[in-house]
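Me: Could you help me learn to read a protein model, one feature at a time?

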Amino acid sequence: PSDVAWDRAGNIYVADGLGSNNRIAKFDKDGRFLAHWGSTGTAAGQFNGVKAIAIDAQDNVYVADTGNKRIQVFDAQGTFKSEFGNVGTPRAMCLTRGSTQYLYISHAADEDGMADAKIYKVQLDGKVVGQFGSAGKSLREFGVANSLDCRSETELLVGEMTNWRVQKVTIRK
């Protein structure tokens, strides 16, 4: 598993995208298997490296399909709804709380994240409304941001694999 998320009912969604599985597995709150969807490929509902997963207030499931350079959106039963691909190579993702939710999506185009990296702020329909950061080791620079935590719309925790650190980033509106 590369990531996990929960819906409002407590169901558990597991991004199973390392190796050859390329799927999402769903379990109930007690850990009983309910369903899975996805396979390897490029079509809607197929994946090439499932890296991250997030669930919005309406239980829509957002999946970072890294190898296909897109985010796919599904309903809670795994039915494909939409996709968008204007966020580079997505590595990690988090979803803000509140009445207006935003996705923050990390991008790294190379294995160590030192050639091209940034974080996108995205509306749930895929429209990019902001971006920040670059590749590197200084503050607000990133080396493969492989985990994101949205404390709020303006405060993120960014875990970096290459730089072996967590940065707290405060964004001014």
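This is a predicted model: local features need pLDDT of at least 70, side-chain atom pairs count only at pLDDT 80 or more; totals for chains, interfaces and linings use all residues.

Me: How do I read a salt bridge, and which residue does Arg 8 form one with?

Reply: The general idea is a side-chain nitrogen of Lys or Arg within 4 Å of a carboxyl oxygen of Asp or Glu. Here Arg 8 forms one with Asp 59, and their closest N and O atoms are 3.2 Å apart. Arg 8 sits in the loop between β1 (3-6) and β2 (12-16), and Asp 59 in the loop between β5 and β6 (61-65), so the pair ties together parts that are 51 residues apart in sequence.

Me: Is Asp 59 buried or exposed?

Reply: Asp 59 is buried, with a relative accessible area of 12%.

Me: How many salt bridges are there in the whole structure?

Reply: A search finds ten. Among them is the one between the side chains of Asp 28 and Arg 32, at 3.0 Å from N to O. Asp 28 counts as buried, at 12% relative accessibility. A network of salt bridges links Asp 28, Asp 30 and Arg 32.

Another salt bridge joins Lys 168 to Glu 155, with the closest N and O atoms 3.6 Å apart. Lys 168 belongs to strand β17 (residues 165-170) and Glu 155 to strand β16 (residues 155-160), so this pair ties together parts that are 13 residues apart in sequence. Lys 168 counts as exposed at 56%, while Glu 155 is partly exposed at 25%.

Me: How do I read a sheet, and what is the strand order in the open sheet of four strands?

Reply: Two strands pair if DSSP finds at least two bridges between them. In this open sheet the order is β5-β6-β7-β8, and the pairing is antiparallel. The edge strands, β5 (50-55) and β8 (80-84), each pair on one side only.

Five bridges join β5 to β6, and Ala 54 stands opposite Tyr 62 in β6. The hairpin of β5 and β6 has five residues between the strands, and there Asp 59 takes a positive phi near 65°. Five of the six residues of β5 are buried, so β5 is largely enclosed by the rest of the structure.

Strand β7 (residues 70-74) is joined to β8 by four bridges, and Val 73 has Ser 82 in β8 as its bridge partner.

Me: Last one: which residues lie nearest the centre of the largest pocket?

Reply: They are Asp 3, Val 4, Ile 53, Met 93 and Leu 148, out of 32 lining residues. A pocket is found on a 1 Å grid over the protein atoms alone: an open set of points where a 1.4 Å probe fits, with protein on both sides within 12 Å along at least five of seven lines; lining residues have an atom within 4 Å of a point. The elements that give two or more residues to this lining are β1, β5, β9 (90-95) and β15 (145-150).

Terms used. Residues are numbered from 1 along each chain as its sequence is written. Side-chain values use heavy atoms; hydrogens and water are left out. Buried means under 20% relative accessible area, exposed over 50%, partly exposed in between (1.4 Å probe, protein chains only).
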